[in-house]
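Hello,

Here is the structure I promised to pass on. Please open it first, then read my notes below.

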Amino acid sequence: MNTTRIASDTISIPDARSCQDNVLHTEKLTIGYKNRNVVRTVGHALDLTLRPGQFVCLLGPNGAGKSTLIKTLAGIQRPLAGKVFIAQEDIYTIPKNALARKLSLVLTDAVQTGNLDVYTVLTLGRYPYANWFGTLREADKKIIVDAARATGIEQHLGKQLDQLSDGERQKVMITRALVQDTPLIILDEPTAHLDLPSRVEVVRLLRTMARHANKAIILSTHELDLALQVADTIWLMMPNQSLITGAPEDLIISGTFETAFSKSGFDFCRNTGTFRVNTPDENKTIQLNGEGYIYFWMKRALEREGYSITDDAEDIVSVQLDPEFHGTLGRAGMLYHFHAVAALLTFLREEISVKTNEPAQV
Amino acid sequence: MVEHTQGIAQQALSLPVLTSRMVWMAWMALAVLLFLVLDLVLGSVNIPLTEVVKILTGQGSENIAWLKIVQNIRVPKAFTAILAGAALSVSGLQMQTLFRNPLAGPSVLGITSGASLGVAILMLGTGHITSSFAIRQLGIGGSWLVILASSTGSAVVMLMVIGLSLRIKDNVILLIMGLMLSNLIIAMVSIWQYFSEPEQIQEYLMWTFGSLGGVSREQLTILSLTILVGIALTFSSSKFLNLLLLGEGYASSMGVNIRYVKLLVIISTSLLAGAITGFCGPIGFIGIAVPHLCRALLNTADHRILIPACCLLGAAVMLLCDIVAQLPGHQGVLPVNAVTAMVGSPVVMWVILRRKNIKSSFS
């Protein structure tokens with residue numbers, strides 16, 4: 001098994017036919033949708049591959065066609081051209097029930113059906129393997145309990161679905177996908193309605209499933225931060241109908257992210273892998289000395305105030321842990337001491353406002 | 001920790017819940033039996049239980065009138081009630097699941113109006129007004145014709161509602177569209193009525209009140225055959241209906257061929273609601289209310305349990321409605337549709353109050 005990952009130099013795509021163990025691959029896939037008889041193409045000639053155990057995050061600006069791609073890969077929507085193969089088989093030649101054993105889906109919206117308990121929802125995941133009446137065998141029951149334990153929802157098994165929080169409900173649906181026991185799991189923005197801890201939990205759970213259960217996972221998400229941390233591979237949909245794949249770090253270093261998300265007033269910062277919310281004011285510069293996380297957070301605070309950090313600024317801020325926060329500001333030969341970031345910022349802010357107000361008063 | 005979780009898992013799937021469900025099902029079955037006996041005993045003439053038992057066991061009775069009443073009127077009527085209750089409840093259940101709408105039911109979404117239009121067209125062709133009495137004149141072949149016409153009428157409306165549901169995702173709007181469709185069809189029948197003879201109109205009005213008494217013994221065989229096929233079809237698709245509880249997207253990803261299931265639901269709903277409406281007139285609220293009562297009593301959404309439960313509870317409720325409609329001890333008879341509305345409407349109100357957000361939720 002060839003497991004070396006091709007180091008992406010922006011647009012290198014591994015050859016689909018070279019690896020026989022692909023869970024999914026596409027050939028010259030062109031996707032899009034029809035809106036009032038106008039065909040809008042959102043992706044053109046895409047060649048994608050997915051291997052067992054690979055955790056892919058699908059990212060892209062709004063309207064780039066993430067959900068169109070997800071729907072096409074899941075066989076819900078027909079491609080405009082090209083083909084999708086699940087384990088070397090054209091997805092449209094696979095019967096529905098057989099496909100349900102190869103590919104499971106988790107959707108954005110929570111299921112709100114009443115009188116439905118978690119265990120019953122999980123039993124539904126075994127239906128593709130059951131007889132026409134949906135009778136479960138002992139082996140099926142064991143799979144269900146094991147999956148619930150693996151995703152940490154075993155204490156909810158007897159509860160009704162509407163007693164759970166949104167995050168727990170989404171974990172139930174992911175567990176159901178695990179119960180469905182497919183080599184490939186596709187998730188369409190499952191974290192969209194969740195709070196931050198639930199999002200982290202869901203993403204971490206998927207990461208574990210990919211690593212330990214060797215599942216191939218495609219997660220479409222807006223959570224750039226999380227995606228960059230956990231994904232093996234990023235599929236980045238570009239506004240120009242192309243799709244760039246690669247390890248998150250490669251895409252950051254090559255500047256692909258900046259191109260993809262380049263919108264006015266919305267900068268992707270290559271240094272931190274986050275979006276820059278604070279744009280620096282002109283002629284507000286400051287020098288910063290320090291180490292470790294103290295330095296990192298002081299820098300964040302200063303940037304929020306509109307400062308850019310440079311080495312040749314007049315004002316010099318130094319921070320250290322001593323044993324608590326200790327910051328000094330060196331300005332015009334004077335040295336000011338602060339024991340909280342807030343105090344330092346307040347001082348800076350008031351000094352500035354005095355400076356700018358003076359000419360007006362005179 | 002591990003032992004703890006195993007305990008919960010066991011609890012979740014096996015004995016305790018199952019037995020309490022069994023107990024409820026047993027109660028329902030008992031209720032059907034009890035109300036069946038009461039329905040045979042009570043009426044404008046109260047016949048002693050011992051005599052009823054005698055007649056039923058084939059020993060006959062000294063009172064020829066009682067014999068005739070039980071054999072020719074009350075037994076067919078009671079069995080029609082059982083069939084109607086079961087059929088309407090099961091068709092309501094699968095419509096609620098398919099449309100993911102707690103207020104869906106054959107009478108709400110225009111399925112029963114479709115059936116009456118089908119019957120009306122059939123009667124128009126033969127020159128008679130829609131009525132159970134007119135149907136009787138058509139004989140056995142006519143019974144099949146009635147079922148064909150009413151079921152086709154239902155299926156056409158059901159197709160239209162499904163077509164609408166593809167465009168309309170909002171439950172409430174779909175319901176309103178269904179009601180409007182229903183009104184439109186009723187209007188069409190009314191216009192036709194306008195050009196009919198006065199006594200025919202009176203017969204039609206009698207039909208719209210709903211009547212369980214118009215089905216003869218021969219017709220009963222045909223009706224029960226149709227209902228059995230309809231319920232068997234529904235039961236055979238219970239696995240798919242269960243998957244549809246998670247919505248079409250999930251159901252499709254778990255191997256359900258949505259088109260095929262929709263077709264199955266259309267066929268079985270049209271057979272069930274159509275046949276009953278053709279023979280008994282539009283009977284409202286049973287189709288909406290009974291599935292909710294079953295879900296609440298058994299605390300499950302599993303169709304493999306709900307379908308038999310709906311049959312039992314639907315039959316019991318319908319028998320009870322028939323008992324009330326007969327006004328025991330009095331000469332008069334209430335329209336059964338009015339009685340079902342009095343039983344069913346509070347249940348529907350309760351459903352709406354319990355789920356304040358009908359728009360997005362599915363019971």
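How much area do chain A and chain B bury between them, and what share of it is on carbon and sulfur atoms? The model is predicted, and in it the two chains bury about 3,100 Å² between them. Of that, 59% is on carbon and sulfur atoms. K96(A), N115(A) and Y127(A) supply 21% of the area that chain A buries against chain B. In the contact, 38 residues of chain A meet 35 residues of chain B.

Next, two helix pairs in chain B.

Take α10(B), residues 217-236, and α13(B), residues 258-280. They pack at an angle of about 155°, with their axes 9 Å apart. The two helices are therefore roughly antiparallel to each other. Their crossing is left-handed. Residues in the contact include L223(B), I227(B) and L233(B) from α10(B), and L264(B), L271(B) and F279(B) from α13(B). By class, the contact of α10(B) with α13(B) has twelve nonpolar residues, five polar and no charged.

Now α14(B), residues 286-298, and α16(B), residues 336-354. Their axes are 9 Å apart, at an angle of about 55°. That angle makes α14(B) oblique to α16(B). This crossing is left-handed. Among the residues that make the contact are H292(B) and L293(B) of α14(B), with G344(B) and W350(B) of α16(B). The contact of α14(B) with α16(B) divides into nine nonpolar, three polar and no charged residues.

Best wishes

Technical notes
Residues numbered from 1 in each chain as written. Chains lettered and ligands numbered in written order. Predicted model: local features only at pLDDT ≥ 70, side-chain atom pairs only at ≥ 80, totals over all residues. Heavy atoms only, no water. Axes fitted to C-alpha atoms, helices over the stretch in contact; angles between N-to-C directions. Helix = DSSP H or I, 4+ residues; strand = E, 2+ residues; numbered from the N terminus. Parallel < 35°, antiparallel > 145°, perpendicular 65-115°, else oblique. Left-handed = near helix turned anticlockwise from the far one by under 90°. Contact = heavy atoms within 4.5 Å. Nonpolar A, V, L, I, M, F, W, Y, C, P; charged D, E, K, R; others polar. Buried area = accessible area lost by both parts, 1.4 Å probe.
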